Amino acid sequence: MVSEVKDIGELKRILKDTFGYTTFRFEQEKVIRSVIEGRDTMAIMPTGGGKSLCYQLPALYLPGITIVISPLISLMQDQVAGLSQHGVKAAFLNSSLSPEEKSTVEQQLKRGEIKLIYIAPERAILDSTLIMLKALPISLIAIDEAHCVSLWGHEFRKDYTRLNELKAVFPNIPTIALTATADEKTRIDIARQLALKDPQIFVASFDRPNIKYMIYERENEMKQLHRFIQDNHIGQTGIVYCLSRKKVEKVTDELKKLGYKAVAYHAGLSSAERTRSQKRFDHEDGLIVVATIAFGMGIDRPDVRFVAHLDLPKSIEGYYQETGRAGRDGLPSNAWMVYGLSDVVKHSRMLEMSEAGEAYKKAARVKLDLMLSLCEVTHCRRQFLLDYFGQTQTPPCQNCDSCLEPPEMWKATIAAQKMLSTIYRTGQMFGSTYLIDVLRGSQSERIIENKHDQISVYGIGKDLSRGDWDSLIRQLLYLDYIYIKDYDFKNLALTEKSREILTGKKTLELRRLRLKIEKKSKKNRSSHTSGKDKVEALHQRPDLFEKLRVLRTELATKNKVPPYIIFSDKTLHDMCAILPRNREQMLMVHGVGETKFDNFGDAFLSIIKEN
Ligand code: ADP
Ligand code: ZN
C-alpha cells in the first residue's frame, strides 16, 4: 500500500530524540520516505554510510513490527544492544537463544512490546517462524547485507536465497534490501532473488572523505606495518587483514613481540575463541585485530582508526567494504595496504582450482584484474574507486598516496622490451623470479642447466633492481602486455598487445617503484599530526576529552556494553567543543538523544562543569 508521508517533522523528531542526530546523511531521507510510503526499496550505501537508520527509523515511525534479516549473530547482538541504549525495544531470534529465551521473545512480540525483531535467515524461513510472524502486525521487512543473496556478490550465503518465501507470506508488506555492493549485476540479481516489486533504488555517494587511501609495494611487510603504525596509530584501534589463517597467526605473534596489543581472528578458531576476540575488539581501546575476511560483518565499532591489508583483496568490493570499517565516526582514518605480484598469482590459482562455474570464474577474474589496477593506477586512488562505483568526474582528492606523493614516471619501453624478449626467448614457461634472474645474469644452476646463460638477453638487465623488475612485471600485467599462463607454474606469457612494444610501435611510461622502508616517511608523520589537529581544532580541550573517555569506559564496564555504545568519540569531541552546562545544551551535542541523556547525561555534565 503506497501512501504519502504527511509528517516529515515527525521523522526529524524521531531522528533527534531517539538517535540524537540533527540531519540525515547521504540518501537516508529519501530511502526512509520510500519505505514508509510502502514501496519496496533498495538502499546501496558504503560501509559506515548509515544503512541501519534507513530501516530503524521507519520501524519506529510505522505502527507495527519490523522484521530485520541479518546474517550474523554478533551483528544482531550489537544492533539490539545499541537500540536498547537509545530506548528502542528490539530483540533477536537466533541459535544463541535457549528455548525459554526464545519463547519469552515470542511472548513479547505477541504483546506488542517489541518494535524490531532481528532474525537469522535460516530461522526466518522455518514454517514455525513464518506461522508465528504471520499472526503479528508486521509493517516492514528489512534485509541487511542483501548481497549475500547473490552469487555475483562476494559473500554468497545459501540461506539468503530462500528469503523470497518470506516475501511470499507478506506480499503487501514493503521490503527494504540494504547493501554496500554497488555492482550493477549484483543489484539486479538482489531485486530478482528477493522478489522485490518495482523497487525504488537509491545509491548513496560512495565517498568516505575521512579515509585516506595508501597502497604500497610490499618489501618487508612486517617492517612496513610497524613503521606505518608507529608513524600514525600508536595506541589506536585497528584491523590488519591477511589472506590465510596461518599468516594471521604469524602476524599476530610478531605484532605482540613488537609490543602491540594484538589478537587473532579467523574461521579456524573455535567459536568461543572468536567470540572472545570479537568481545575484546568491541570493548578494548588500542587493540589490533589481525584477521582473515571472516572478521568483518559484525563490526560496528565507529572508532577503528586504521585498516591495513597485508594481502591483496580479491575484489574492489571486498577492499572497499574492509577499508570502510575504518572511521565510521567521520574522523580522519587510514586505509593502508601493501601488495605484490605473488598476491595476484595466489588469488588466480585459488580461483582456477575452485569448483565454481566458468561464468563465475570469468567475473571473478575481471574483479581481480580491477583490484590490481587500483594498485597500479598513477592517478588519484579515490577517483578510481568512485569511478568503479559509478561516480564519475570527481576531482583528485588530495587525501590518498597518489595525490599526496605523486608517483614518479620513467621511460620504460626498453626495459619492457628486454622483459618481453626474455619471456619469449625462454619459451614462455617461467615465472617472474626466474625471468628476473636471467635478466640480471644470475649463475643459478637452473639457468645454466637450461642454457639460458647463453641467450642474448642474459645479464642485460643489471641496471634495474629486482624490485624494479617486479614492479615492471606487475604493470605489464595490469596493462595486458603479458598474462599468467599457468597458475601452478606461475609462468608468464605474451599477449597480442606485446608485439606493439617489441616492435617499438608503442612507447611505455611506467610508475617508478617507491621504496618506503629506508626513507623515513616524514610526510606520514605530519599527516598524522594534521589529522589529530583537525580533530582537536574543533576544541582545545584534550584534557577534558580524556576525562570524558575515562568516564565512558567506567559506564561501559558497569553496563557491560562497548564504550562506543555509551557515546562515540565524535560525541565526546563535540561535548568538548560545545561545553554544555545543562540538559538543553547537552541535547544539542551530536549523538545525544533523550534516552541517552536520561541514562548518562548528568554524569557527563558534572565532569564538564567541574572542568
Ligand atoms: P552501515 O551503513 O555500515 O550499516 P551504520 O548504520 O552502522 O553503517 O552507521 C555508521 C555510523 O554512522 C554509526 O555510528 C551511526 O550511528 C552513524 N550515523 C548514521 N546515520 C547518521 C546521521 N544521520 N547522522 C549522524 N550519524 C549517523
Ligand atoms: Zn587522491
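**A zinc site, a ligand site and enclosed cavities**

The protein donors of the zinc ion (ligand 2) are the SG atoms of Cys380, Cys397, Cys400 and Cys403, which lie 2.3 to 2.4 Å from the ion. These values, like those that follow, come from a predicted model. The angles among the four donor atoms run from 102 to 120°, and the site of the zinc ion (ligand 2) is tetrahedral, because four donors count as such if all angles lie between 85 and 135 degrees. Along the chain, the donors of this ion follow the spacing C-x16-C-x2-C-x2-C. One of them, Cys400, has a relative accessibility of 0% and therefore counts as buried, the cut-off for that class being under 20%.

Ligand 1 has 14 residues around it, of which Tyr21, Thr23, Gly48, Lys51 and Ser52 come nearest. Among the contacts with this ligand, a backbone N or O atom of Thr23 lies 2.8 Å from one of the nitrogen atoms of ligand 1, while a polar backbone atom of Gly50 is 3.0 Å from an oxygen atom of ligand 1.

The last topic is empty space within the protein. Rolling a probe the size of a water molecule over the atoms shows where such space is left. The count comes to four cavities of 30 Å³ or more, and the second largest cavity has a volume of about 50 Å³. The lining of the second largest cavity is formed by 10 residues, and Thr47, Ala180, Glu317, Tyr320 and Gln321 are the closest to its centre. By residue class, this lining divides into five nonpolar, four polar and one charged.

Notes:
Residues numbered from 1 in each chain as written. Chains lettered and ligands numbered in written order. Predicted model: local features only at pLDDT ≥ 70, side-chain atom pairs only at ≥ 80, totals over all residues. Heavy atoms only, no water. Donors = N, O, S within 2.8 Å, 3.2 Å for Na, K, Ca; no water. Tetrahedral: all angles 85-135°; square planar, octahedral: opposite > 155°, others 65-115°. Buried < 20%, exposed > 50% of the residue type's maximum accessible area, 1.4 Å probe, protein only. 1 Å grid on protein atoms, 1.4 Å probe; cavity = no way out; pocket = protein on both sides within 12 Å on 5 of 7 lines; lining within 4 Å. Points joined across faces, edges and corners; volume = space filled by probe spheres on them. Nonpolar A, V, L, I, M, F, W, Y, C, P; charged D, E, K, R; others polar. Near = heavy atom within 4 Å. Polar contact = N/O pair within 3.5 Å; in protein donor to acceptor, adjacent residues only side chain to side chain.
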